[in-house]
Amino acid sequence: MLQRYLLAAVVLINVLELVRANLYTDGGKPHRILLDTDVDTDDFFALLYLLKLNRSEFELEAVTINTNAWTDAGHAVNQIYDILYMMDRDDIPVGMGGEGGITEAGHVLPDVGGYLPIVEQGNATAGGRAFLPQGSRRYSPLRQPTSQQVLNEKISAGPITIFIIGAHTNIGIFLMRNPHLKKNIQQIYVMGGGVRSKNPTGCCPNNASSSCQPRQCGNPGNLFTDYTSNPYGEFNIFGDPFAAYQVFHSGIPVTLVPLDATNTIPINENFFKAFEQNQHTYEAQYCFQSLKMARDTWFDDQFYTSYFMWDSFTSGVAVSIMRTLHNQNGENEFAEMEYMNITVVTSNEPYGINDGSNPFFDDRKVPKFNLEKGGVHSGHVQTGLRDPFCIVQNGRGRCKDGYTEEVTSSDAVRVLVATRAKPNPDSNSILDRAYFKSFLDVLNHPHQTGRFNFTTQFPHYKEVFYKPDLGTKRLGKPVVFDMDMSAGDFLALFYLLKVPVEIINLKAIIVSPIGWANAASIDIVYDLLHMMGRDDIPVGLGDVFAMNQSDPLFSAVGDCKYLKVIPHGNGGLLDSDTLYGLARDLPRSPRRYTAENSVKTLDPGSKITILTNGPLTSLAKIIQNENNTRSVIQDVYVVGGHISHGDTDKGNVLSIDSNEYTELNMFLDPLAAKTVFDSSLDITLIPLGVQRR
């Protein structure tokens, strides 16, 4: 009799497992998932978690990249391609960018790139490399599938679930342009926002002195760079509040995993140690090394209480909910759930004002998108980190842009919200959260594992430094090349490297990241030098903001008002960051993203010539920091500026109408240009007129 019961129990368990593994959404098909990501570190943890799931249950159909938040488009798309290649999933399409726009009247054109939040989009087109394997797929100019193309194709194909783990620009624009396809989106899972959350970071410890000033401690949001003006916003929603509003108010069921829940699952020391001891697959190794780099470079000593499982936790909660058929209340293994009535704040009261901050209403007879005059979108829109409207003297900031606020008004939407991470039911485990165990188990499972890493794909690759023997040569003029990494700058660099060292001795390169390329593109410079056998030339990274544009409280953030003239898409940042797709063909240098002081590499007593092919920020900083620059710098050649000889002799900054005569290199940092030209240095100018001839 006992054997019968045991046999019946085994059969029942097997049947239940089969049922769980075959929860069909439509006629025996697995759940179709589309992931919209901003490719932050935690985002690819979420991506790999989804790729490891049983494909009979969950099929990741596509990845679209949000390009106006934590990453730049060119580096992000190639990183996603590499992860998919490692996981043998080159079948998954990746959408990114696009050259379409939104007209002044509010008509959404095809293939909007999503490089900017919707509120900033008008007529104009918004146009650390990881050690991953490299496949044949890569960004290619004018051939890269756009986000809107991929969304249209996959959502048109039938019922699908969308995970949003970045800003909502791509999905918001899609819903505005394709309302007829909402019916195919079964559910949207969102990581972001904070409803009843109280930020646990930035608090003074119990034994702190009276001089300790709490920062974002207790705030609903997590904008650590902006808590003095907006203590309510959370990064993903703040990245595009109006797009998030479209998502939440679309009528599609939304499940939100906000800071309320993610604040309760920090990457603690026990989890980190357990992860360090459980790296049995390439994907687990890759995730751990990335997490370790984040810990080792954290800005303070509070990593274990400040770094949380955000996006990967959201993936786990979503999948667990989806595994239970007709799950109305969101029961799952990893988070406690509750229905709440919320909205997304897109502007600040009082509504109906016209103060120049709101492009949807200011100076318009008819509001953009036919929005309601005096409605929830018609108030003040936060214009910057130190917006005077938002800052209250000796008080908490009052702006709420990007706040997922709990409300009782007619603007409320009923949303299923994760409120807390569930504890690990195994009280004997050092892992105190249920999801910790699932995350490590899934990543280390031997099925659907990564095929190789960079080392096993290229077994003969060696980290060799190639340095010429210049000891017997009479070296020529010592030159420092200051570049902003445009395509033209790379041609100039090739030229300088080909000139005999007896004529020009290229001593160092300074990279300016406030021009045509992102700071991370410094790796392209390293690779090019490696190819040319010049690993001896140091490369220094300049400031990431123009002079007087960095924030006085947070030097890592600032105003990009000049940089905004650089197009984001084709022909702009996207193509410079990838060297028009060619960067992937360069040999990999052992040197990667790092900052070195180029001036310190000079021989004692030597005087140098500086050639600048971009904004003059770095040179201006040298002038400010050196008492006698003429003792170090012999002369300077400046490519830039425009000497106009008439009304028709215009400059070359084509993306702004209010400044017809400026030249781009000078425009990107006018104060730096003034500092350089006001100095006593011997300067030769190669202006726009000469370049045109």
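Predicted model: local features only at pLDDT ≥ 70, side-chain atom pairs only at ≥ 80, totals over all residues.
**Surroundings of Leu-685**
- Leaving aside residues up to four places away in sequence, Leu-685 touches Val-638, Gly-640, Ile-643 and Phe-677.
- Between Leu-685 and Val-636 the C-alpha to C-alpha distance is 8.5 Å, although 49 residues separate the two in sequence.

**The second largest pocket**
- The second largest pocket holds about 590 Å³ of space, and of its 25 lining residues the closest to the centre are Gln-186, Gln-187, Tyr-189, His-326 and Asn-327.
- At least two lining residues are supplied by each of strand S5 (185-191), strand S6 (254-257), helix H12 (311-322) and strand S9 (413-421), with S9 giving the largest share, namely four residues.
- Sorted by class, the lining of this pocket comprises 13 nonpolar, eleven polar and one charged residues.

**The contact of H2 with H13**
- Helix H2 (residues 41-51) and helix H13 (residues 434-444) have axes that come within 9 Å and cross at roughly 65 degrees, and the crossing is left-handed.
- On the H2 side the contact involves Phe-45, Leu-48 and Tyr-49, which meet Tyr-435, Ser-438, Phe-439, Val-442 and Leu-443 of H13.
- The residues of this contact divide into seven nonpolar, one polar and no charged.

**Backbone features in loops**
- Glu-349 and Pro-350 are joined by a cis peptide bond with an omega of about 5 degrees, and Pro-350 has its place in the loop between strand S7 (335-344) and strand S8 (404-406).
- Asp-88, a residue other than glycine, has a positive phi near 60 degrees, and is placed in the loop between helix H3 (73-86) and strand S3 (94-96).
- Leu-142 is exposed, because its relative accessible area of 73% is over the 50% cut-off.

Note on methods
Residues numbered from 1 in each chain as written. Heavy atoms only, no water. Contact = heavy atoms within 4.5 Å. 1 Å grid on protein atoms, 1.4 Å probe; cavity = no way out; pocket = protein on both sides within 12 Å on 5 of 7 lines; lining within 4 Å. Points joined across faces, edges and corners; volume = space filled by probe spheres on them. Nonpolar A, V, L, I, M, F, W, Y, C, P; charged D, E, K, R; others polar. Axes fitted to C-alpha atoms, helices over the stretch in contact; angles between N-to-C directions. Left-handed = near helix turned anticlockwise from the far one by under 90°. Buried < 20%, exposed > 50% of the residue type's maximum accessible area, 1.4 Å probe, protein only.
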